[in-house]
Amino acid sequence: MFKINDNYLKLPGSYLFSTIAKKVNEYTAANPDKDIIRLGIGDVTQPLAPAIIEALHGAVDEMAHAETFHGYAPDLGYEFLRSAIAKNDYADRGADIAADEIFVSDGAKCDSGNIQEIFAQDNKIAVCDPVYPVYVDTNVMAGRTGTYDPKTETWSDVIYMPCTADNDFAPDFPDEVPDIIYLCFPNNPTGSTITKDQLQGWVDYANKNGAVIIYDAAYEAYISEDNVAHTIYECEGARTCAIELKSFSKNAGFTGVRLGYAVVPKDLKCGDVRLHDLWARRHGTKYNGAPYIVQRAGEAVYSDAGKEQLKKQVGYYMNNAKVIFEGLKDAGYTVSGGVNAPYIWLKTPDQMTSWEFFDYLLENANVVGTPGSGFGPSGEGYFRLTAFGSYENTVAAMERIKNM
Ligand SMILES: Cc1ncc(COP(=O)(O)O)c(C=O)c1O
(Lines give C-alpha, C1' and ligand atoms only; values in the text may rest on other atoms or scores of the structure.)
Protein backbone atom coordinates (compact mmCIF):
# COMPACT_ATOMS: atom_id res chain seq x y z
CA MET A 1 0.00 0.00 0.00
CA PHE A 2 1.47 3.33 -0.99
CA LYS A 3 1.76 6.18 1.45
CA ILE A 4 1.55 9.88 0.76
CA ASN A 5 3.90 12.60 1.94
CA ASP A 6 1.65 13.56 4.82
CA ASN A 7 3.56 16.77 5.41
CA TYR A 8 1.20 18.13 2.74
CA LEU A 9 -1.72 17.50 5.07
CA LYS A 10 -0.17 19.81 7.64
CA LEU A 11 -0.49 22.84 5.34
CA PRO A 12 -3.27 25.04 6.66
CA GLY A 13 -6.02 26.20 4.27
CA SER A 14 -5.50 26.75 0.59
CA TYR A 15 -2.98 28.95 -1.09
CA LEU A 16 -3.71 32.61 -0.33
CA PHE A 17 -4.51 33.64 -3.88
CA SER A 18 -6.90 30.71 -4.41
CA THR A 19 -8.88 31.90 -1.39
CA ILE A 20 -8.98 35.44 -2.77
CA ALA A 21 -10.06 34.21 -6.22
CA LYS A 22 -12.85 32.18 -4.64
CA LYS A 23 -14.15 35.17 -2.66
CA VAL A 24 -14.01 37.46 -5.70
CA ASN A 25 -15.79 34.88 -7.88
CA GLU A 26 -18.56 34.54 -5.31
CA TYR A 27 -18.93 38.31 -5.14
CA THR A 28 -19.05 38.76 -8.93
CA ALA A 29 -21.54 35.89 -9.30
CA ALA A 30 -23.83 37.65 -6.81
CA ASN A 31 -23.15 41.13 -8.29
CA PRO A 32 -22.63 40.66 -12.03
CA ASP A 33 -23.07 44.39 -12.77
CA LYS A 34 -20.12 45.49 -10.59
CA ASP A 35 -16.86 46.50 -12.22
CA ILE A 36 -14.06 45.01 -10.13
CA ILE A 37 -10.57 46.54 -10.08
CA ARG A 38 -7.91 43.99 -9.15
CA LEU A 39 -4.91 45.30 -7.25
CA GLY A 40 -4.36 42.03 -5.44
CA ILE A 41 -2.07 39.49 -7.06
CA GLY A 42 1.43 40.65 -8.05
CA ASP A 43 0.98 39.94 -11.76
CA VAL A 44 2.04 42.49 -14.36
CA THR A 45 -0.36 43.99 -16.92
CA GLN A 46 1.84 45.79 -19.45
CA PRO A 47 2.74 43.92 -22.68
CA LEU A 48 6.25 42.62 -23.28
CA ALA A 49 8.61 45.38 -24.47
CA PRO A 50 9.29 45.57 -28.26
CA ALA A 51 12.94 44.49 -27.88
CA ILE A 52 11.78 41.30 -26.17
CA ILE A 53 9.07 40.59 -28.72
CA GLU A 54 11.64 41.03 -31.49
CA ALA A 55 14.03 38.57 -29.83
CA LEU A 56 11.22 36.06 -29.35
CA HIS A 57 10.21 36.29 -33.02
CA GLY A 58 13.84 35.90 -34.12
CA ALA A 59 14.32 32.83 -31.94
CA VAL A 60 11.04 31.27 -33.10
CA ASP A 61 12.19 31.67 -36.72
CA GLU A 62 15.49 29.96 -35.84
CA MET A 63 13.51 26.97 -34.59
CA ALA A 64 11.97 26.63 -38.07
CA HIS A 65 15.25 25.60 -39.74
CA ALA A 66 17.38 22.52 -39.13
CA GLU A 67 20.61 24.59 -39.15
CA THR A 68 19.44 26.93 -36.37
CA PHE A 69 17.05 24.65 -34.51
CA HIS A 70 17.69 24.16 -30.76
CA GLY A 71 16.66 21.10 -28.78
CA TYR A 72 17.34 20.58 -25.09
CA ALA A 73 18.96 23.65 -23.57
CA PRO A 74 22.10 23.18 -21.47
CA ASP A 75 20.94 22.26 -17.91
CA LEU A 76 22.41 25.34 -16.37
CA GLY A 77 21.48 27.82 -19.10
CA TYR A 78 22.87 29.09 -22.40
CA GLU A 79 26.24 30.77 -22.18
CA PHE A 80 24.95 33.91 -23.98
CA LEU A 81 22.40 34.53 -21.21
CA ARG A 82 24.63 33.59 -18.27
CA SER A 83 27.32 35.98 -19.57
CA ALA A 84 24.81 38.80 -20.06
CA ILE A 85 23.58 38.30 -16.48
CA ALA A 86 27.11 38.11 -15.04
CA LYS A 87 28.09 41.34 -16.78
CA ASN A 88 24.96 43.44 -16.29
CA ASP A 89 23.61 42.30 -12.94
CA TYR A 90 26.97 41.69 -11.24
CA ALA A 91 30.20 42.99 -12.85
CA ASP A 92 28.60 46.37 -13.66
CA ARG A 93 27.59 46.68 -10.00
CA GLY A 94 31.06 45.80 -8.76
CA ALA A 95 29.94 42.33 -7.63
CA ASP A 96 32.19 39.36 -8.24
CA ILE A 97 30.00 36.64 -9.76
CA ALA A 98 31.13 34.45 -12.67
CA ALA A 99 28.83 33.23 -15.46
CA ASP A 100 29.27 29.63 -14.29
CA GLU A 101 27.90 30.51 -10.85
CA ILE A 102 24.55 31.41 -12.46
CA PHE A 103 21.86 28.75 -12.92
CA VAL A 104 19.14 29.75 -15.37
CA SER A 105 15.64 28.55 -14.46
CA ASP A 106 12.00 29.11 -15.27
CA GLY A 107 11.46 31.53 -12.40
CA ALA A 108 12.08 32.43 -8.80
CA LYS A 109 9.04 30.64 -7.43
CA CYS A 110 10.47 27.25 -8.40
CA ASP A 111 13.96 28.18 -7.25
CA SER A 112 12.79 29.57 -3.92
CA GLY A 113 10.71 26.44 -3.38
CA ASN A 114 13.31 23.94 -4.56
CA ILE A 115 16.47 25.34 -2.98
CA GLN A 116 15.64 23.83 0.43
CA GLU A 117 16.18 20.35 -1.07
CA ILE A 118 19.95 20.66 -0.86
CA PHE A 119 19.84 21.22 2.91
CA ALA A 120 19.45 18.64 5.67
CA GLN A 121 16.10 17.98 7.25
CA ASP A 122 17.11 19.29 10.67
CA ASN A 123 18.13 22.77 9.56
CA LYS A 124 16.16 25.52 11.26
CA ILE A 125 14.82 28.21 8.97
CA ALA A 126 14.16 31.86 9.77
CA VAL A 127 11.76 33.99 7.77
CA CYS A 128 10.63 37.58 7.83
CA ASP A 129 7.05 37.87 9.01
CA PRO A 130 5.13 38.74 6.86
CA VAL A 131 6.71 37.33 3.71
CA TYR A 132 6.13 35.56 0.37
CA PRO A 133 4.46 32.30 1.56
CA VAL A 134 6.48 29.94 -0.65
CA TYR A 135 9.51 29.80 1.68
CA VAL A 136 7.60 28.42 4.66
CA ASP A 137 5.16 26.23 2.71
CA THR A 138 7.89 24.41 0.80
CA ASN A 139 9.73 23.72 4.05
CA VAL A 140 6.47 22.38 5.48
CA MET A 141 6.19 20.01 2.50
CA ALA A 142 9.73 18.86 3.22
CA GLY A 143 8.88 18.16 6.87
CA ARG A 144 11.23 20.76 8.29
CA THR A 145 8.86 23.02 10.22
CA GLY A 146 7.50 21.01 13.17
CA THR A 147 3.89 21.42 14.21
CA TYR A 148 1.42 24.14 13.33
CA ASP A 149 -0.37 26.16 15.98
CA PRO A 150 -3.59 27.49 14.43
CA LYS A 151 -4.01 30.00 17.25
CA THR A 152 -0.74 31.81 16.58
CA GLU A 153 -0.58 30.69 12.92
CA THR A 154 3.05 29.71 13.43
CA TRP A 155 5.15 26.54 13.07
CA SER A 156 7.06 25.26 16.08
CA ASP A 157 10.37 24.88 14.22
CA VAL A 158 10.35 28.11 12.26
CA ILE A 159 11.98 31.28 13.55
CA TYR A 160 9.77 34.25 12.73
CA MET A 161 11.33 37.69 12.43
CA PRO A 162 8.47 40.20 12.74
CA CYS A 163 8.62 43.16 10.36
CA THR A 164 6.10 45.74 11.47
CA ALA A 165 5.87 49.51 11.83
CA ASP A 166 7.69 49.09 15.19
CA ASN A 167 10.97 48.14 13.47
CA ASP A 168 10.31 50.02 10.24
CA PHE A 169 9.57 46.68 8.52
CA ALA A 170 13.21 45.56 8.83
CA PRO A 171 13.88 42.28 10.68
CA ASP A 172 15.94 42.23 13.89
CA PHE A 173 18.48 39.45 14.43
CA PRO A 174 16.54 36.59 16.06
CA ASP A 175 17.21 35.40 19.63
CA GLU A 176 17.83 31.86 18.39
CA VAL A 177 20.46 31.48 15.65
CA PRO A 178 18.95 29.96 12.48
CA ASP A 179 20.72 27.73 9.94
CA ILE A 180 18.93 29.06 6.86
CA ILE A 181 17.77 32.67 6.66
CA TYR A 182 15.31 33.70 3.97
CA LEU A 183 15.53 37.40 3.15
CA CYS A 184 13.52 39.15 0.46
CA PHE A 185 14.33 42.77 -0.30
CA PRO A 186 12.67 44.85 -1.62
CA ASN A 187 10.04 42.93 0.27
CA ASN A 188 6.87 41.28 -0.82
CA PRO A 189 4.42 42.12 0.75
CA THR A 190 5.50 45.16 2.81
CA GLY A 191 7.12 47.00 -0.12
CA SER A 192 9.87 48.10 2.28
CA THR A 193 13.54 47.35 2.01
CA ILE A 194 16.74 47.58 4.04
CA THR A 195 19.84 49.66 3.39
CA LYS A 196 23.07 48.21 2.08
CA ASP A 197 24.59 48.69 5.58
CA GLN A 198 21.76 46.70 7.14
CA LEU A 199 22.20 43.97 4.53
CA GLN A 200 25.94 43.93 5.28
CA GLY A 201 24.94 43.32 8.92
CA TRP A 202 23.04 40.18 7.85
CA VAL A 203 25.96 38.95 5.76
CA ASP A 204 28.30 39.42 8.74
CA TYR A 205 25.79 37.69 11.03
CA ALA A 206 25.47 34.70 8.67
CA ASN A 207 29.23 34.33 8.26
CA LYS A 208 29.81 34.59 12.01
CA ASN A 209 27.14 31.99 12.80
CA GLY A 210 27.66 29.55 9.94
CA ALA A 211 24.23 30.28 8.49
CA VAL A 212 23.24 30.54 4.84
CA ILE A 213 21.11 33.39 3.45
CA ILE A 214 18.64 32.70 0.65
CA TYR A 215 18.29 36.18 -0.79
CA ASP A 216 15.24 36.72 -3.00
CA ALA A 217 15.85 39.83 -5.09
CA ALA A 218 12.81 39.47 -7.39
CA TYR A 219 11.97 43.18 -7.01
CA GLU A 220 15.49 44.57 -7.46
CA ALA A 221 14.50 46.59 -10.57
CA TYR A 222 12.21 48.74 -8.43
CA ILE A 223 14.97 50.08 -6.17
CA SER A 224 15.09 53.87 -6.44
CA GLU A 225 17.21 54.85 -3.43
CA ASP A 226 20.99 54.98 -3.61
CA ASN A 227 21.70 53.36 -0.25
CA VAL A 228 20.00 50.07 -1.18
CA ALA A 229 22.03 47.15 -2.60
CA HIS A 230 20.87 45.74 -5.95
CA THR A 231 22.47 42.39 -5.17
CA ILE A 232 23.62 40.82 -1.91
CA TYR A 233 27.04 40.34 -3.53
CA GLU A 234 27.63 44.09 -3.21
CA CYS A 235 28.22 43.19 0.45
CA GLU A 236 31.63 42.00 1.55
CA GLY A 237 31.69 38.32 2.46
CA ALA A 238 28.41 37.40 0.72
CA ARG A 239 30.17 34.86 -1.51
CA THR A 240 30.68 32.59 1.49
CA CYS A 241 27.15 32.77 2.91
CA ALA A 242 24.54 33.74 0.32
CA ILE A 243 22.50 32.29 -2.52
CA GLU A 244 20.65 34.90 -4.59
CA LEU A 245 17.43 34.31 -6.52
CA LYS A 246 16.29 36.56 -9.36
CA SER A 247 13.27 36.67 -11.62
CA PHE A 248 12.52 38.21 -15.00
CA SER A 249 8.84 38.47 -14.03
CA LYS A 250 8.75 41.88 -12.41
CA ASN A 251 11.53 43.76 -14.20
CA ALA A 252 10.56 42.58 -17.69
CA GLY A 253 7.00 41.25 -17.48
CA PHE A 254 7.93 37.57 -17.91
CA THR A 255 5.24 36.24 -15.54
CA GLY A 256 3.70 34.29 -18.43
CA VAL A 257 6.97 33.68 -20.30
CA ARG A 258 8.91 32.24 -17.31
CA LEU A 259 12.57 32.96 -16.67
CA GLY A 260 14.71 33.40 -13.59
CA TYR A 261 18.05 32.42 -12.16
CA ALA A 262 19.84 31.41 -8.99
CA VAL A 263 23.38 32.40 -8.07
CA VAL A 264 25.35 29.92 -6.01
CA PRO A 265 28.94 31.12 -5.54
CA LYS A 266 31.64 28.48 -5.52
CA ASP A 267 32.97 29.84 -2.21
CA LEU A 268 29.78 28.86 -0.41
CA LYS A 269 30.65 25.62 1.35
CA CYS A 270 29.52 23.26 4.10
CA GLY A 271 32.83 21.72 5.20
CA ASP A 272 34.47 20.77 1.91
CA VAL A 273 31.20 20.49 -0.01
CA ARG A 274 30.33 23.28 -2.40
CA LEU A 275 26.61 24.12 -2.52
CA HIS A 276 27.25 25.01 -6.16
CA ASP A 277 27.93 21.35 -6.90
CA LEU A 278 24.81 20.18 -5.10
CA TRP A 279 22.59 22.66 -6.92
CA ALA A 280 24.24 21.75 -10.25
CA ARG A 281 23.52 18.09 -9.53
CA ARG A 282 19.92 18.82 -8.64
CA HIS A 283 19.41 21.06 -11.65
CA GLY A 284 20.97 18.49 -13.98
CA THR A 285 18.81 15.70 -12.61
CA LYS A 286 15.45 17.39 -12.18
CA TYR A 287 15.41 20.22 -14.70
CA ASN A 288 15.80 20.30 -18.47
CA GLY A 289 16.43 23.98 -18.98
CA ALA A 290 14.41 27.09 -19.81
CA PRO A 291 13.36 27.18 -23.49
CA TYR A 292 15.84 28.58 -26.02
CA ILE A 293 13.39 31.20 -27.26
CA VAL A 294 12.80 32.41 -23.70
CA GLN A 295 16.52 32.60 -22.96
CA ARG A 296 16.96 34.70 -26.13
CA ALA A 297 14.15 36.94 -24.84
CA GLY A 298 16.05 37.16 -21.54
CA GLU A 299 19.20 38.20 -23.37
CA ALA A 300 17.21 41.06 -24.99
CA VAL A 301 16.44 42.42 -21.50
CA TYR A 302 20.12 43.42 -21.36
CA SER A 303 20.29 45.03 -24.83
CA ASP A 304 20.42 48.84 -24.98
CA ALA A 305 16.90 49.00 -26.41
CA GLY A 306 15.62 46.46 -23.85
CA LYS A 307 17.13 48.38 -20.94
CA GLU A 308 15.59 51.65 -22.08
CA GLN A 309 12.15 50.16 -22.70
CA LEU A 310 12.11 48.30 -19.39
CA LYS A 311 13.19 51.36 -17.45
CA LYS A 312 10.05 53.03 -18.80
CA GLN A 313 7.91 50.00 -17.92
CA VAL A 314 9.19 49.92 -14.34
CA GLY A 315 8.66 53.71 -14.23
CA TYR A 316 5.05 53.21 -15.32
CA TYR A 317 4.37 50.85 -12.41
CA MET A 318 6.24 53.06 -9.96
CA ASN A 319 4.08 55.99 -11.03
CA ASN A 320 1.07 53.83 -10.11
CA ALA A 321 2.76 53.14 -6.76
CA LYS A 322 2.96 56.89 -6.18
CA VAL A 323 -0.70 57.35 -7.10
CA ILE A 324 -1.69 54.65 -4.59
CA PHE A 325 0.64 55.90 -1.86
CA GLU A 326 -0.50 59.53 -2.16
CA GLY A 327 -4.14 58.56 -2.71
CA LEU A 328 -4.27 56.45 0.43
CA LYS A 329 -2.44 59.07 2.45
CA ASP A 330 -4.91 61.73 1.33
CA ALA A 331 -7.74 59.41 2.33
CA GLY A 332 -6.26 59.23 5.83
CA TYR A 333 -4.60 55.80 5.73
CA THR A 334 -1.25 54.95 7.29
CA VAL A 335 0.88 53.72 4.39
CA SER A 336 4.41 52.49 3.70
CA GLY A 337 6.34 50.82 0.88
CA GLY A 338 5.95 51.93 -2.72
CA VAL A 339 9.33 53.70 -2.95
CA ASN A 340 11.65 50.79 -3.80
CA ALA A 341 8.92 48.26 -4.60
CA PRO A 342 5.65 48.00 -6.51
CA TYR A 343 3.73 47.19 -3.30
CA ILE A 344 1.95 49.56 -0.94
CA TRP A 345 1.31 48.34 2.56
CA LEU A 346 -1.43 49.98 4.58
CA LYS A 347 -2.64 49.72 8.13
CA THR A 348 -6.27 48.62 8.17
CA PRO A 349 -8.52 51.30 9.67
CA ASP A 350 -10.66 51.01 12.82
CA GLN A 351 -8.93 47.86 14.10
CA MET A 352 -10.35 45.80 11.22
CA THR A 353 -8.66 42.47 10.60
CA SER A 354 -6.96 42.06 7.22
CA TRP A 355 -9.79 39.84 5.92
CA GLU A 356 -12.48 42.20 7.26
CA PHE A 357 -10.85 45.02 5.32
CA PHE A 358 -10.64 42.77 2.24
CA ASP A 359 -14.44 42.29 2.34
CA TYR A 360 -15.06 45.95 3.14
CA LEU A 361 -12.97 47.12 0.17
CA LEU A 362 -14.49 44.56 -2.18
CA GLU A 363 -18.06 45.46 -1.21
CA ASN A 364 -17.71 49.23 -0.93
CA ALA A 365 -15.12 50.09 -3.59
CA ASN A 366 -15.16 46.92 -5.71
CA VAL A 367 -11.38 46.89 -5.35
CA VAL A 368 -9.46 43.67 -4.68
CA GLY A 369 -6.33 43.74 -2.57
CA THR A 370 -4.46 41.17 -0.50
CA PRO A 371 -4.95 40.66 3.25
CA GLY A 372 -1.67 41.10 5.11
CA SER A 373 -2.40 38.16 7.41
CA GLY A 374 -2.06 35.84 4.41
CA PHE A 375 1.68 36.52 4.47
CA GLY A 376 2.26 35.68 8.13
CA PRO A 377 0.87 36.47 11.57
CA SER A 378 2.61 39.85 11.81
CA GLY A 379 0.78 40.86 8.62
CA GLU A 380 -2.51 40.90 10.56
CA GLY A 381 -4.00 44.39 10.56
CA TYR A 382 -2.25 45.26 7.30
CA PHE A 383 -3.26 45.12 3.66
CA ARG A 384 -1.33 45.05 0.36
CA LEU A 385 -2.16 46.88 -2.86
CA THR A 386 -0.06 46.39 -5.98
CA ALA A 387 1.07 48.94 -8.53
CA PHE A 388 0.92 46.37 -11.35
CA GLY A 389 -2.52 47.45 -12.62
CA SER A 390 -3.10 49.89 -15.46
CA TYR A 391 -2.72 53.60 -14.68
CA GLU A 392 -6.41 54.18 -15.42
CA ASN A 393 -7.55 51.43 -13.06
CA THR A 394 -5.15 52.60 -10.38
CA VAL A 395 -6.51 56.16 -10.51
CA ALA A 396 -10.10 54.87 -10.55
CA ALA A 397 -9.43 52.60 -7.56
CA MET A 398 -8.06 55.51 -5.55
CA GLU A 399 -11.11 57.65 -6.37
CA ARG A 400 -13.36 54.86 -5.16
CA ILE A 401 -11.38 54.39 -1.96
CA LYS A 402 -11.43 58.13 -1.25
CA ASN A 403 -15.22 58.14 -1.71
CA MET A 404 -15.90 55.13 0.52
C1 LIG B 1 9.30 37.51 -3.49
C2 LIG B 1 8.95 36.78 -4.71
N3 LIG B 1 9.79 35.85 -5.19
C4 LIG B 1 9.48 35.16 -6.29
C5 LIG B 1 8.31 35.36 -6.97
C6 LIG B 1 7.98 34.54 -8.19
O7 LIG B 1 8.72 34.91 -9.26
P8 LIG B 1 8.63 34.08 -10.63
O9 LIG B 1 7.51 34.67 -11.43
O10 LIG B 1 9.97 34.30 -11.26
O11 LIG B 1 8.41 32.66 -10.32
C12 LIG B 1 7.40 36.31 -6.52
C13 LIG B 1 6.14 36.50 -7.23
O14 LIG B 1 5.23 37.17 -6.86
C15 LIG B 1 7.73 37.03 -5.36
O16 LIG B 1 6.90 37.94 -4.86
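Modeller: Start with one term: two residues are in contact if their C-beta atoms, placed from the backbone, lie within 7 Å. Keep in mind that this is a predicted model.

Now the record. An unreviewed UniProt entry lists Tyr 15, Gly 42, Lys 109, Tyr 132, Asn 188, Asn 288 and Arg 384 under "binding site". These positions span 370 residues in sequence, and their farthest two C-alpha atoms are 35.5 Å apart, so they do not all gather at one spot.

Take Asn 188. It sits in the loop between β7 (180–184) and α7 (196–209). Leaving aside neighbours within four places in sequence, Asn 188 is in contact with Gly 42, Tyr 132, Tyr 219 and Tyr 343. Asn 188 has 25 C-beta neighbours inside 10 Å, and the cut-off for buried is 20 or more, so Asn 188 counts as buried.

Next, Tyr 132. Its place is the loop between β3 (125–129) and α6 (134–141). Not counting residues up to four places away in sequence, Tyr 132 touches Cys 184, Asn 188 and Asp 216. Tyr 132 is buried because 22 other C-beta atoms lie within 10 Å.

Then the ligand. It is surrounded by 14 residues, and the closest are Gly 107, Ala 108, Lys 109, Ser 247 and Ser 249. By type, the shell divides into 4 nonpolar, 8 polar and 2 charged residues.

Methods. Residues numbered from 1 in each chain as written. Predicted model: local features only at pLDDT ≥ 70, side-chain atom pairs only at ≥ 80, totals over all residues. UniProt positions renumbered as here; feature names shortened; annotations may be inferred. Helix = DSSP H or I, 4+ residues; strand = E, 2+ residues; numbered from the N terminus. Buried ≥ 20, exposed ≤ 12 C-beta atoms within 10 Å, placed from the backbone. Near = placed C-beta within 6 Å. Nonpolar A, V, L, I, M, F, W, Y, C, P; charged D, E, K, R; others polar.
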